[in-house]
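Hi everyone, thanks for coming.

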Amino acid sequence: MSKLNIGIILGSTRQGRLSPQVGEWVKSIADQRGDANYEIVDIADYKLPLLGEADASEQAAAWNTKLASLDGFVFIVQEYNHSITGALKNALDYAREAWNNKAAGIVSYGSVGGARAAEHLRGILGELSVADVRIHPALSLFTDFENGTVFKPADLHLTNVNGMLDQVLAWSGALKTLRQ
């Protein structure tokens, strides 16, 4: 059986965002495992305008093609006003079938570990027929980021990231049989 393709989706597009640091950290852990093909998928690269406000057929096609090539996801989610970013919600809305029958893990961060954003994302993923896994690494802006800008995760998160990846791979493999 060929390796699964897992996209690590960066959930913010703003200048000075921290998601690239967190995403690269998750990818470095994942790549050491050697059990799947992991790649960073940055929604900023797709330049998706607000849904319905402009013709985005080219951007939407590229976004959907990328999502369709993936068997599962790890969302890097930061909490903004107790929820996910507008950019992530917009990117989620630009696809439908490309999300269906896949699995996702969530790595969140914020003042309370991004827990509220992760819970909002779980509800959206359910509507998109994405099975979200239980293990959820939650990073604190106060203890896992030096001066709020430099990502320095506590060692204890390594166990949770690996546990989450185990679940994402198990569910992604099982759900792939529904898409064949």
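Helix 3 and helix 4 are roughly parallel to each other, a label for angles under 35 degrees. Their axes come within 11 Å and cross at roughly 10 degrees. On the helix 3 side the contact (heavy atoms within 4.5 Å) uses Leu-88, Lys-89 and Leu-92, and on the helix 4 side Leu-121, Ile-124 and Leu-125.

A quick word on the source: this is a predicted model, where local features need pLDDT of at least 70 and side-chain atom pairs pLDDT 80 or more, while totals for chains, interfaces and linings use all residues. Residues are numbered from 1 along each chain as its sequence is written, and side-chain values use heavy atoms, leaving out hydrogens and water.

Now, how many salt bridges does a search of the whole structure find? It finds 13, each being a side-chain nitrogen of Lys or Arg within 4 Å of a carboxyl oxygen of Asp or Glu.

One of them pairs Asp-31 with Lys-27, with the closest N and O atoms 2.6 Å apart. Both sit in helix 1, four residues apart, about one turn of the helix.

Another links Asp-166 to Arg-33, again with 2.6 Å between the closest N and O atoms. Asp-166 is in helix 5 and Arg-33 in helix 1, so this pair ties together parts 133 residues apart in sequence.

Lys-66 and Glu-39 also form a salt bridge, at 3.0 Å from N to O. Here helix 2 is tied to strand 2, as Lys-66 lies in the helix and Glu-39 in the strand.

Notes:
Axes fitted to C-alpha atoms, helices over the stretch in contact; angles between N-to-C directions. Helix = DSSP H or I, 4+ residues; strand = E, 2+ residues; numbered from the N terminus. Parallel < 35°, antiparallel > 145°, perpendicular 65-115°, else oblique.
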